[in-house]
Amino acid sequence: MSAFSNAMRQLDLAATAMHLDSFTLERLRRPERLVEVDFPVKMDDGSLKFFHGYRVQWNSARGPYKGGLRFHAQTDLDEVKALSFWMTIKCAVANIPFGGGKGGVTVNPKELSKPELENLTRSFTRSIAPVIGQDLDVPAPDVNTTPQIMDWLADEFGKYKGQPEPAVVTGKTIEHGGSEGRGTATGQGAFYVFDAYRAKLGLDPESSTVAVQGFGNAGQEIARLFHHHGYKVIAVSDSQGGLHDENGLDIPEVIRLKKETGHLVRSAEAREISNDELLRLACGILVPSALENVITAEVASEVKAKLVLEVANGPTTPEADMILAKQGTTVAPDVLVNSGGVTVSYLEWQQNKIGEHWSETEVFQRLKPMMDDASSAVIRVAEEFAVTQREAAFIVALKRLDQAIRKTI
Ligand code: NAD
């Protein structure tokens, strides 16, 4: 199953459960605009090489398109369409005034030098410049894209417009108009959501261990927060594989070494495990924080966690969802769990538009009630409709999207 067909299955399930208006459903099955670009990049040896990129603008009924840019060797149109659709749902669950979009370039950025990465970002920005803008489509970071890359994008877009427009992109460095707290917002937001499920499921630090797959921006922060709140994080992994220690890993040290060496460094107590093994570990809380489609039907039947906290986008296939639901595993869905990132992006966009810079405390004071509202809306609807948490999140979003879409007809 492709990520996009999974996304459409999720849409259909929720639409059926809530009797969604048929026009709204058809609108949400189609993007408003698909942009595919081939653009040249000057390489260090003086040659020019073409790269392929995408910007998919799914829906703008609730506001400008919003969503990240991914630089990854496997990025293709199907993936970007799925991510763009999920952004539409996510912004509606978070109740922020944005629609959904997503973009990406098919490239392994680790094979590029820093000047080549900058050339690629600037050339891609020029290719999509006619369809982005602070009130039209606002990109952000995603897998393998950084605040530095967002700065290059903002700078190049400013040249295209003939004047600076920092609110064209979020996730910039603080010096270039980024928001305090954006770097840790996804992990922090996910922890606020976890807190809403913690009480419901009785997941306290004494009885619940944690396994985190993916140790990048989002994965490191959620692992750090669990560790900080007294949970034993027994396993973490990155694309090279993982570490496992039944007694709990020293997460601040694992983060320090990962930053220093670029790798997960094994301590004397830890053993190496594969990514697949990590998903099947006996633990209370499983936190996929890497890529999509990792919890397949086969993996799901061996998941032992009580809660799957989806920090990654689309980590669980629809078949796996059904198996997890049957075996009583709660899945806190991606469109809710990782919406802290886009919510702080919204706060960055607001700050840029009014020329203010808020402290991290102010940012998180705004983020927390927004995440709490979103979590309680989803949990309430799950009870009201007797559906899974994912279907509930979709129902919350679809009700809001339905109202907005009807006004556009
Ligand atoms: P990142 O590039 O910082 O980190 C990705 C991590 O996943 C890295 O540790 C990488 O080694 C690991 N990884 C890559 N391929 C893997 C594989 N096959 N198996 C196991 N691990 C693998 O990316 P990120 O920003 O942390 O994003 C991670 C996920 O969270 C993505 O699904 C992304 O869409 C989602 N997300 C991120 C944000 C954000 O603000 N960063 C917001 C919303 C959603």
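The model is predicted: local features need pLDDT of at least 70, side-chain atom pairs count only at pLDDT 80 or more, and totals for chains, interfaces and linings use all residues. Residues are numbered from 1 along each chain as its sequence is written, and side-chain values use heavy atoms, with hydrogens and water left out.

**Exercise 1.** Determine how helix 13 and helix 14 are oriented to each other.

Solution. Step one is to locate the elements. Helices are DSSP runs of H or I with at least four residues, numbered from the N terminus. Helix 13 covers residues 339-354 and helix 14 covers residues 360-385.

Step two concerns the axes, which are lines fitted to C-alpha atoms over the stretch in contact, with angles from 0 to 180 degrees between N-to-C directions. The two axes come within 10 Å and cross at roughly 135°.

Step three is the classification. Angles under 35 degrees count as roughly parallel, over 145 as roughly antiparallel, 65 to 115 as roughly perpendicular and the rest as oblique. Helix 13 and helix 14 are therefore oblique to each other.

Step four lists the residues in contact (heavy atoms within 4.5 Å). Helix 13 contributes S339, G340, T343, V344, Y346, L347 and Q351, while helix 14 contributes V363, R366, L367, M370 and M371.

**Exercise 2.** Describe the salt bridge between E156 and K159 and state whether each residue is buried or exposed.

Solution. A salt bridge requires a side-chain nitrogen of Lys or Arg within 4 Å of a carboxyl oxygen of Asp or Glu. For E156 and K159, the closest N and O atoms are 3.7 Å apart. Both residues lie in helix 5 (residues 147-161), three residues apart, about one turn of the helix.

Next comes accessibility: buried means under 20% relative accessible area, exposed over 50%, and partly exposed in between (1.4 Å probe, protein chains only). E156 has 8% relative accessibility and so counts as buried. K159, at 55%, counts as exposed.

Definitions and conventions
Helix = DSSP H or I, 4+ residues; strand = E, 2+ residues; numbered from the N terminus.
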